[in-house]
Amino acid sequence: MKGIEFIQENGKTVKAVIDLRVHKELFDEIFTRYQAETLANPNSTVHTHSEGHISDNVSGNHDAIAQKAIEAARTYLGTQHVMGGVSSNGLDCSGLTHLAFKEAGIELSRDSRSQAVSGVDVSIDNVEAGDLVFFATGSDPNRISHVGIITKTGDSRDDLEFIHTSTSRGVVEEPLFRYEYWQKAYRHARRVISPLA
């Protein structure tokens, strides 16, 4: 089947590699079922892996990895915005997320549109620290052009905070929906840290 590679050992299929560019909806459905099964059976031995997307090759647990990525991102607070920047001399939004997750052991693509299809979709009401949030800030409401990392959650959307690179203020951490601008530009959230991590 196009976009799915079946890996066999001793004549038995032992795993399938799904190309998310072809089968994103299928993967999301499988992963949603997997999450439900894992919650129902914590001793499950099912593992997921997706190159450049969800990673289960990192040590520690989800919260520790999320904190590592957030702490890495916070080291850049105040860094000026530079389009295409990926250093303490200047960063753009996806440069920040790319570097922060790299330090946490997860390889993300370099641009926000590619990052926007990494991992699995998460409802804004179920986001956790370490999840990515995506925005369409240009004239095309369907074109992802900005990304940030959730740093704080709470009882309501008003409690959500994220760290991102503002074109005018550089790297900042602030309430996600403080400004109407971000409320209107928000499109979706993605979880790139595997629950098995």
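Reply: Buried residues make up 44% of the 197 residues in the chain. This is a predicted model, where local features need pLDDT of at least 70 and side-chain atom pairs count only at pLDDT 80 or more, while totals for chains, interfaces and linings use all residues. Residues are numbered from 1 along each chain as its sequence is written, and side-chain values use heavy atoms, with hydrogens and water left out.

Me: What makes H164 count as buried or exposed?

Reply: Buried means under 20% relative accessible area, exposed over 50%, and partly exposed in between (1.4 Å probe, protein chains only). H164 has 0% relative accessibility, so H164 counts as buried.

Me: Where does H164 lie?

Reply: H164 lies in strand β8, residues 161-166. Strands are DSSP runs of E, at least two residues; helices are runs of H or I, at least four; both are numbered from the N terminus. The chain has five helices and ten strands.

Me: Which residues is H164 in contact with, leaving aside neighbours within four places in sequence?

Reply: Contact means heavy atoms within 4.5 Å. The partners of H164 include L96, H146, W182 and E174.

Me: What joins the side chains of H164 and E174?

Reply: A polar contact of 2.6 Å joins them. The term covers a pair of N or O atoms within 3.5 Å; within protein, one must be able to donate a hydrogen and the other to accept it, and residues adjacent in sequence count only if both atoms are side-chain atoms.

Me: Why does Y179 count as partly exposed?

Reply: Y179 has 36% relative accessibility, so the partly exposed label applies. Y179 is in the loop between β9 (170-175) and α5 (180-185). L176 is found in that loop too. At 0% relative accessibility, L176 counts as buried.

Me: Why is α2 called oblique to α3?

Reply: Start with the angle. The axes of α2 (residues 62-74) and α3 (residues 93-103) come within 8 Å and cross at roughly 130°. That makes α2 oblique to α3. Axes are lines fitted to C-alpha atoms, for helices over the stretch in contact, and angles run from 0 to 180 degrees between N-to-C directions. Angles under 35 degrees count as roughly parallel, over 145 as roughly antiparallel, 65 to 115 as roughly perpendicular and the rest as oblique.

Me: Which residues make the contact of α2 with α3?

Reply: From α2 come K68, A69, A72 and A73; from α3 come L96, A100, F101 and E103. They divide into six nonpolar, no polar and two charged. Here Ala, Val, Leu, Ile, Met, Phe, Trp, Tyr, Cys and Pro count as nonpolar, Asp, Glu, Lys and Arg as charged, and the others, Gly among them, as polar.

Me: Why is α3 called largely enclosed by the rest of the structure?

Reply: Count the buried residues. Nine of the eleven residues of α3 are buried, so α3 is largely enclosed. Among them are C93, L96, H98 and F101. Just after α3, G105 takes a positive phi of about 95°.
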